[in-house]
Amino acid sequence: MRRQLQPSAESRRAVRRATLREVAVMAGVHPATASRALNEQTESLVNAETAARIKKVAAEMGYSPNPIARSLKTSRSATIGMVIPDLTNPLFPPIVRGVEDVLRSVGYSAWIVNTDNRPDVEKAAVDSFRQRNVEGFVFATAHLKHPLLDDLAAASTPMVLVNRRSASADIPSVTSDDAAGVAMAMQHLVELGHTKIVHLAGPQDLSTGVNRRRAFMSYLEDLHLPAEKGRTVVCETWSEEAGAKAMRTLLDSDLEFTAVLAGNDLLALGVYDALSERGLRCPQDISVVGFNDMPFMDKVSPPMTSVRIPQYDIGAEAARLLLEVLNDPDRHPRSLLLPLTLSVRASTGPAPDRRPV
């Protein structure tokens, strides 16, 4: 019979966390006094000499406050839940960094979960976060119609949406000015002589997909550019594969075009793939513009012209907005629209009929 190994007394002591009561006993004070001395916000209520003694004992015993226990007592955990649809998408890490930097500066931290765009995973994560007493949420998963977010809003749950909006005006959000970004990209292409332009639109249940497609169609109309059916192809997902599939569809059609405005950079990378398969050159045959200007878009071949959204700033502003909501729950919800810029690189060039022979 195999003998079961038992942890040594030393290892049990190493794993076991010293309690506040034990620290108080060793320091010769009441547990409430020890608690006040070890909390920055109440330390001033304790005699300086006594507080120093308590801190010394706590350090020697390896004591650290239990944040979960404290949150159960105070209903304040100094944590927020951040829900991301796809952490492999390079758009999101800078946003996460912005959220974390602002929260860290005021003693908060973020618990991050990746949902893989699955509603069941999202709901399970939200339930888990709420059981852990998080104080609020930052969602990057919002659909225009999103029952879970509507339920949370109805329960007055503090939250902020990033990079997307829902149909509900009561939920604060931080997004980029998509219409202005599309206008910048289109103006750039028109100045290069392109008049036959197509758009790979993102999913139409997401605000980013809807708003960028709407802005593209509006721009065609304003400039009296060709706007016949087929100038936009809706992609089911924000992915390189979806972009390549849509571009193949356009190349197999009878539609004439010399430039592509993709709904995001991943779709634009798919355009690159489809052009390469057909032996077409970018930008000599077709110019390509992406959207978001994700990290490393200047390293692809050719370096991609892309509408740059301020990814880090979106995250930072979302964190500030959430802290406002936490500090003033009765404040009327507000949303922010951040300005964009255009990063011009080698994936765009003069329209073929404008090039010198």
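This is a predicted model: local features need pLDDT of at least 70, side-chain atom pairs count only at pLDDT 80 or more; totals for chains, interfaces and linings use all residues.

I began with asparagine 163, which sits in the loop between β4 (159-162) and β5 (173-176). The phi of asparagine 163 came out near 65°, a positive value in a residue other than glycine. I noted that because most residues other than glycine have a negative phi. Buried or exposed, I wondered about asparagine 163? With 7% relative accessibility, under the 20% cut-off, asparagine 163 counts as buried.

Next I went to asparagine 292, in strand β9. Asparagine 292 isn't a glycine either, yet its phi is positive, about 115°. Its relative accessibility is 3%, so I put asparagine 292 down as buried.

Then I checked peptide bonds, since most of them are trans. I found a cis bond from cysteine 282 to proline 283, with omega near 10°. Proline 283 lies in the loop between α12 and β9 (287-292). Another cis bond runs from serine 301 to proline 302, with omega near -5°. I placed proline 302 in the loop between β9 and β10 (305-308).

Asparagine 264 got an entry of its own. I found it in the loop between β8 (259-262) and α12 (265-277).

Serine 207 counts as buried because its relative accessibility is 4%. Not counting residues up to four places away in sequence, serine 207 touches Leu144, Arg164 and Arg165.

Last, I stepped back to the whole chain. I got 13 helices and 12 strands. The radius of gyration is 27 Å, well over the 21 Å the globule rule gives for 357 residues, so the chain is more spread out than a compact globule. Its C-alpha atoms fill a box of roughly 90 × 60 × 35 Å along the principal axes. Buried residues make up 46% of the 357. For charge, I wrote down 41 positive and 42 negative side chains, with the centres of the two sets 8 Å apart.

Notes: Residues are numbered from 1 along each chain as its sequence is written. Side-chain values use heavy atoms; hydrogens and water are left out. Helices (H or I, at least four residues) and strands (E, at least two) are DSSP runs, numbered from the N terminus. The radius of gyration is taken over C-alpha atoms; the globule rule is 2.2 Å times the number of residues to the power 0.38. Buried means under 20% relative accessible area, exposed over 50%, partly exposed in between (1.4 Å probe, protein chains only). Lys and Arg count as positive and Asp and Glu as negative; His and the chain ends are not counted. The place of a charge is taken as NZ of Lys, CZ of Arg, CG of Asp or CD of Glu. Contact means heavy atoms within 4.5 Å.
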